[in-house]
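Subject: Handover of a structure for your review

Dear colleague,

Please find below the structure that I would like to hand over to you.

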Amino acid sequence: FYLTPPQVNSILKANEYSFKVPEFDGKNVSSVLGFDSNQLPANAPIEDRRSAATCLQTRGMLLGVFDGHAGCACAQAVSERLFYYIAVSLLPHETLLEIENAVESGRALLPILQWHKHPNDYFSKEASKLYFNSLRTYWQELIDLNSGETTTDVREALINAFKRLDNDISLEAQVGDPNSFLNYLVLRVAFSGATACVAHVDGVDLHIANTGDSRAMLGVQEEDGSWSAVTLSYDHNAQNEHEVERVKMEHPKSEEKSLVKQDRLLGLLMPFRAFGDVKFKWSIELQKRVIEAGPDQLNDNEYTKFIPPNYHTPPYLTAEPEVIHHKLRPQDKFLVLATDGLWETMHRQDVARIVGEYLTGVHHQQPIAVGGYKVTLGQMHGLLTERRARISSVFEDQNAATHLIRHAVGNNEFGTVDHERLSKMLSLPEELARMYRDDITIIVVQFNSHVIGAYQNEE
Amino acid sequence: AAGMFLRLLSDIQWRAAHPKWRRMTSSQRSTSTTAEPHPVSLPAQAQVVICGGGIMGTSVAYHLSKMGWNDIVLLEQGRLAAGTTRFCAGIVSTARPVSIERKMAHYSNKLYQQLEQETGVQTGYMKTGSISLAQTQDRLISLKRIASSLNVMGIPCEIISPKKVVQLHPLINIHDLVGAMYVPEDALVSSANVSLALATAASRNGVQIHERTSVSHVTVQKGRVTGVETDRGRIQCEYFVNCAGQWAYELGHSGEEPVHIPLHACEHFYLLTHPLKEPLSSSLPTIVDPDGRIYIRNWQGGILSGGFEKNPKPLFTEGRNQLEIQNLQEDWDHFGPLLGALLRRMPGLEALQIMQLVNCPESFTPDMRCIMGESPTAQGYFVLAGMNSAGISYGGGAGKYLAEWMVNGYPSENVWPLDLKRFGTLQSSRTFLRHRVMEVMPLMCDLKVPRWDFQTGRQLRTSPLYDRLDAQGARWMEKHGFERVKYFVPPGKDLLDLDHSKTFYKPDWFDIVGSEVKCCKEAVSVIDMSSFTKFEISSTGDQALESLQYLFSNDLDVPVGHVVHTGMLNEKGGYENDCSIARLSKRSFFMISPTDQQVHCWAWLKKRLPDDSNLVMEDVTWKYTALNLIGPRAVDVLSELSYAPMTAEHFPSLFCKEMSVGYANGIRVMSITHTGEPGFVLYIPIEYALHVYNEVMNMGQKYGIRNAGYYALRSLRIEKFFAFWGQDLDAFTTPMECGREFQVKLEKGMQFLGQEALLEQKQNGVYKRFTMFILEDHDTDMDLWPWWGEPIFRNGRYVGKTTSSAYSYTLERHVCLGFVHHFDEKTGEELVVTTDFINQGEYEIDIAGQRFQAKAKLYPFSSLFTQRRRKDEVELSGYQRE
């Protein structure tokens with residue numbers, strides 16, 4: 001059994017998506033040229049999610065990857081809701097008032113986000129009303145708390161949004177919903193979990209908010225043209241000493257031994273921070289009460305009923321992100337956001353090189369500049385001819401994320417794509433796939449160095 | 001103003017000491033000037049405010065001030081000549097396909113030549129000549145057509161062999177050339193310096209120039225310009241001139257009353273090199289290689305070479321925050337194919353060192369012609385922009401025509417092909433413009449054969465019958481956004497694909513159109529003519545009749561139900577429009593004009609109709625579908641469908657009546673066909689269109705009805721010597737000059753516009769005469785076809801040009817229509833053209849350098865036709881049986 005190259009391509013490209021920021025329009029120059037994203041499932045159904053949107057009432061663009069566990073419900077909810085919470089947190093007071101007045105009087109709402117979605121990236125229709133009400137409560141509180149004075153601190157906004165959404169997920173599950181379908185949904189969301197790695201780009205200001213073990217990495221082109229990687233997030237797992245330290249600090253010394261076992265939180269959970277996962281957040285009484293009151297499906301589920309061992313001083317888990325701020329420089333060419341499925345198989349240095357070479361080859365984002373060099377017409381002509389030939393023959397991918405997945409899954413020991421290996425990995429039966437690889441979700445954001453350079457000169 | 005002038009002068013002296021390319025020094029200059037305060041405050045009012053200090057703005061200021069207007073303020077958002085003008089390649093060439101463009105370029109060349117002497121500003125003017133290369137025979141034909149036109153304008157020009165090309169320019173590889181055109185008087189200039197020279201002269205004449213002042217919007221009250229708002233305050237003015245180049249579109253849209261200026265900028269690349277080892281002479285001719293899509297000129301001992309690639313990059317220009325255009329990205333990969341073409345043309349340049357790849361925006365328009373004239377909605381709002389990369393060639397002439405337009409009320413040449421009013425709101429969608437300019441920019445180099453159509457921005461306005469006709473094999477062309485049928489390809493037959501159908505010879509649709517024409521002559525055909533502009537004018541009292549009697553030359557006080565063909569003339573008696581007007585009732589009129597009159601005619605009438613709420617004019621173009629039933633059996637079809645007698649005694653020609661056709665009531669039937677053939681036009685409220693069309697086609701079956709298109713219509717009208725506005729008639733042509741005195745009622749008991757001019761012509765005679773030519777020794781199968789714009793020779797001397805032409809399937813000859821002048825043999829002075837003068841000449845028509853004998857006619861062949869048809873009927877009926 002063997003997949004042909006076109007079959008391989010159709011599998012790899014099934015979820016690919018590209019967005020190009022509308023061209024340079026003189027007024028609203030964006031430091032982002034566009035992004036490519038893609039997902040390759042290992043779980044069935046896939047538990048990863050991705051989101052991308054442009055903020056319409058403030059400046060900037062939001063991109064994020066979400067790695068779900070114990071089902072995809074939480075990752076799905078976070079992928080739908082988190083950017084609204086962030087956008088609302090960033091909104092100035094008067095815009096919040098305007099939106100609230102519009103809702104109050106039944107007028108049309110100002111659009112807050114423009115989503116950039118692949119057709120497979122769905123939103124759950126049933127929960128939209130519920131989600132909206134929670135969001136509205138949030139902005140009403142923001143209005144009450146903060147009359148007139150507006151905070152534009154992105155870091156604070158990101159942290160507040162993460163925490164608030166996790167809190168709402170928890171509350172919705174405690175309160176329940178008269179509609180049995182919704183009731184079950186909010187419980188599934190709360191009892192499953194998701195990590196989130198979100199980028200907010202506005203001009204040269206790049207903020208990464210990370211909860212869990214997905215990762216953000218910046219691709220930097222050195223003066224000699226080579227590529228290097230700068231990691232812009234910390235993994236929240238057992239390999240991160242600070243994170244282990246933090247968890248230990250938050251609980252009595254008596255629990256020190258049981259907190260982290262086999263590199264897992266309470267011996268169970270790989271990520272040390274996550275959305276949902278109320279089993280690691282609620283008191284035992286609360287968990288029992290909610291499960292008993294909940295529908296039968298929940299009661300029948302062994303996982304949800306199971307209380308983690310050594311569970312004495314909840315919460316053990318938080319959704320609070322770590323936020324890293326980075327000022328973009330002209331040499332910062334792209335940003336890769338990916339779930340751990342990618343980072344398990346590839347070193348970040350290779351990721352930087354593969355994406356970097358792909359982008360310069362296909363899109364000529366590294367344009368040839370004559371500058372002070374002595375170049376003749378003939379030399380230039382030769383160079384251009386060669387570049388054209390390289391593009392047409394080597395690169396079959398139109399999407400940087402697809403290209404990266406091709407390498408992640410198909411690389412042999414020499415670091416080049418081996419078709420046989422690729423074919424084998426992609427034709428694994430569903431139940432086996434998860435043994436060899438994890439869900440992979442990748443977003444590659446390309447920056448506009450010229451715009452970034454111009455920003456820099458202004459400052 | 002004195003301070004400004006000093007600054008200009010010091011500017012120029014400064015540059016004279018550094019005779020380098022201006023771009024190299026721009027950063028120094030801008031840093032040294034940003035700190036400088038504005039020298040003079042803006043005046044509170046001026047007669048004219050010009051926005052834009054590029055070649056167009058300075059040229060308009062220069063010409064206005066020369067014509068005696070000097071209360072003028074020119075505002076530039078950045079620095080003078082710092083936009084596209086600065087980056088312009090500086091080639092002044094008269095080798096242009098459109099007549100008015102050649103005239104503008106010719107004038108520009110003469111103007112720039114003496115500008116340095118006039119102003120003392122170095123313009124870098126150098127008469128180098130230009131050579132346009134042909135890699136194919138078709139290209140050579142198109143060059144020969146231009147050469148014929150240049151020669152009759154008195155511009156030296158010759159078609160030369162590849163060998164001669166090498167003598168003129170030693171670097172050129174000629175192995176793939178079939179010939180070339182040499183225009184020895186074409187020139188090179190530094191465009192920025194030309195612009196500064198024009199500004200210097202203008203400011204000496206009193207024009208105030210303010211840099212770093214941007215116009216935010218123009219205020220309009222009661223349809224008149226009242227002033228401009230700038231970032232430095234308000235200026236009251238009577239006239240505003242939008243010369244904002246690539247920003248003209250947005251500036252036009254910034255006011256409350258938008259002025260639609262359809263243009264869009266694309267990135268345009270050219271290459272600069274270091275000097276050759278042996279520096280190129282500054283007098284070496286400019287090379288244009290349209291088949292390679294490139295141009296090459298000498299530049300400071302090296303070369304400057306750019307081109308028009310197949311895949312242009314449109315720009316967005318919203319937000320006028322780029323005061324001076326700087327460093328748009330150089331894109332070598334994009335330039336690659338053009339570089340390849342350059343090295344193929346001049347292989348010796350391989351070792352030449354690159355200095356820079358310049359990327360500068362150029363504005364393009366939907367039809368490749370520039371935009372000038374007055375806004376149809378805001379009086380006093382003038383526009384000059386959208387130069388399609390030939391700004392420096394047109395700058396002088398365009399500025400002159402616009403200045404004349406403002407001062408005299410009309411320019412000295414027919415500029416309708418460039419008139420802003422040829423466009424409406426429908427061409428100003430950003431999406432439309434982006435798509436269209438992507439097609440237009442490559443077209444700069446593409447072969448322009450007769451009757452090609454744009455491929456982008458189509459299917460915008462369509463008749464309700466569009467799908468029905470399309471399913472029956474319709475092939476479409478577009479006029480003013482409206483899809484019109486060219487002809488119907490019969491089932492089972494197929495035509496060449498687009499690229500292969502391009503020809504200067506007999507086209508592949510020849511037989512198809514022939515059979516459509518035959519059907520019009522012998523049976524009945526139906527043509528969808530819904531695109532024609534339709535207005536209704538009505539009033540409570542006699543206001544409509546009185547106003548129209550003044551605005552139209554024919555007598556409109558006819559009995560209700562009559563249709564009148566009439567011109568809408570200007571003060572000089574020239575045709576502003578040519579239309580048919582039906583008197584629907586005592587107080588209401590229905591007016592039909594050519595499709596592209598929608599904006600112009602509306603503006604013309606609006607400006608002149610009295611401001612009376614009881615007089616209403618409405619554009620009803622969209623309300624009616626028009627079906628033209630042409631042919632001897634039209635009368636049978638219609639009378640069967642309406643149960644009404646339609647014969648001449650009941651329904652005479654030039655008659656209009658509302659009647660029912662099939663189930664549909666209220667169909668306006670007019671006994672006109674726009675072709676000279678018998679028949680009717682039905683004006684059908686659009687919801688009935690499909691019904692009436694189906695009824696007509698069903699009923700017509702037994703009379704041999706079939707669909708026909710505009711090509712058949714054109715052949716019919718041209719062989720009947722029918723002049724068409726926009727093609728044969730323009731604002732410089734009077735009814736007297738085209739044998740249409742019968743459409744003028746000089747004695748209608750009241751004055752009308754143009755009457756005096758016509759009376760004078762009637763007395764003194766005319767200086768040109770619309771004439772019909774039948775080509776004699778022209779082989780339809782083998783020879784080049786005439787198009788329009790071909791020179792006419794009488795007894796070997798040039799007397800005028802053709803304005804339209806078609807193959808007459810009845811005469812089996814080509815027919816050209818055109819104007820004959822009488823130039824005095826010694827002085828060249830225009831003399832009166834008499835009937836004898838026309839009749840007593842031997843005529844030739846020059847098609848791409850080849851002359852064909854032609855017989856001149858002043859009257860159509862109508863009588864001859866009928867005789868001939870009777871004789872033919874026998875033959876044709878025999879033919880049908882085959």
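Predicted model: local features only at pLDDT ≥ 70, side-chain atom pairs only at ≥ 80, totals over all residues.

Chain A contains 18 helices and 15 strands. Of its 459 residues, 55% are buried. When contacts in chain A between residues at least 6 apart in sequence are considered, 74% of them join residues at least 24 apart.

Chain B contains 22 helices and 40 strands. Buried residues account for 62% of the 882 residues in chain B. For chain B, 72% of the contacts between residues at least 6 apart in sequence join residues at least 24 apart.

**Two helix pairs**

Two packed helices are described by the angle between their axes and the distance between the axes. One pair from each chain is described here in those terms.

In chain A, helix 2 (residues 73-90) packs with helix 4 (residues 128-145) at an angle of about 20 degrees, and their axes are 11 Å apart. Angles under 35 degrees count as roughly parallel, and helix 2 of chain A and helix 4 of chain A are therefore roughly parallel to each other. Their crossing is right-handed. Helix 2 of chain A contributes A:Ala77, A:Glu80, A:Arg81, A:Tyr84, A:Tyr85, A:Val88 and A:Ser89 to the contact. On the side of helix 4 of chain A, the residues are A:Tyr131, A:Ser134, A:Leu135, A:Tyr138, A:Trp139 and A:Leu142. Sorted by class, the contact between helix 2 of chain A and helix 4 of chain A has 9 nonpolar, 2 polar and 2 charged residues.

In chain B, the axes of helix 3 (residues 55-66) and helix 11 (residues 391-408) come within 8 Å and cross at roughly 45 degrees. That angle makes helix 3 of chain B oblique to helix 11 of chain B. The crossing of helix 3 of chain B and helix 11 of chain B is right-handed. From helix 3 of chain B, the contact involves B:Ile55, B:Met56, B:Ser59, B:Val60, B:His63 and B:Leu64. The residues from helix 11 of chain B include the glycines B:Gly391, B:Gly395, B:Gly396 and B:Gly399, together with B:Lys400. By class, the contact of helix 3 of chain B with helix 11 of chain B has 11 nonpolar, 6 polar and 1 charged residues.

**A tyrosine in a loop of chain A**

A:Tyr122 lies in the loop between strand 5 (113-115) and helix 4 of chain A. With a relative accessible area of 43%, A:Tyr122 is partly exposed. Leaving aside residues up to four places away in sequence, A:Tyr122 touches A:Arg49, A:Gln76 and A:Glu80. A:Glu80 also belongs to the residues of helix 2 of chain A that meet helix 4 of chain A. A:Tyr122 and A:Gln76 are 46 residues apart in sequence, and their C-alpha atoms are 8.6 Å apart in space.

**Salt bridges**

A search of the whole structure finds 53 salt bridges over all chains.

The side chains of A:Arg353 and A:Glu357 form a salt bridge, at 3.8 Å from N to O. Both residues lie in helix 13 (residues 348-363) of chain A, 4 residues apart, which is about one turn of the helix. A:Arg353 is partly exposed at 32% relative accessible area, and A:Glu357 is partly exposed at 41%.

B:Glu790 and B:Arg145 form a salt bridge in which the closest N and O atoms are 3.1 Å apart. B:Glu790 lies in the loop between strand 34 (768-775) and strand 35 (791-794) of chain B and B:Arg145 in helix 6 (residues 137-152) of chain B, so the pair ties together parts that are 645 residues apart in sequence. Both B:Glu790 and B:Arg145 are buried.

B:Glu267 and B:Lys313 meet in a salt bridge through their side chains (3.8 Å, N to O). This pair links distant parts of the chain, 46 residues apart: B:Glu267 is in strand 14 (residues 264-273) of chain B, and B:Lys313 is in the loop between strand 17 (302-307) and helix 10 (332-345) of chain B. B:Glu267 is buried at 11% relative accessible area, whereas B:Lys313 is partly exposed at 24%.

Finally, A:Glu243, A:Arg246, A:Glu250 and A:Arg273 are joined into one network by salt bridges that share partners.

Yours sincerely

Notes
Residues numbered from 1 in each chain as written. Chains lettered and ligands numbered in written order. Heavy atoms only, no water. Axes fitted to C-alpha atoms, helices over the stretch in contact; angles between N-to-C directions. Helix = DSSP H or I, 4+ residues; strand = E, 2+ residues; numbered from the N terminus. Parallel < 35°, antiparallel > 145°, perpendicular 65-115°, else oblique. Left-handed = near helix turned anticlockwise from the far one by under 90°. Contact = heavy atoms within 4.5 Å. Nonpolar A, V, L, I, M, F, W, Y, C, P; charged D, E, K, R; others polar. Salt bridge = Lys/Arg side-chain N within 4 Å of Asp/Glu carboxyl O. Buried < 20%, exposed > 50% of the residue type's maximum accessible area, 1.4 Å probe, protein only.
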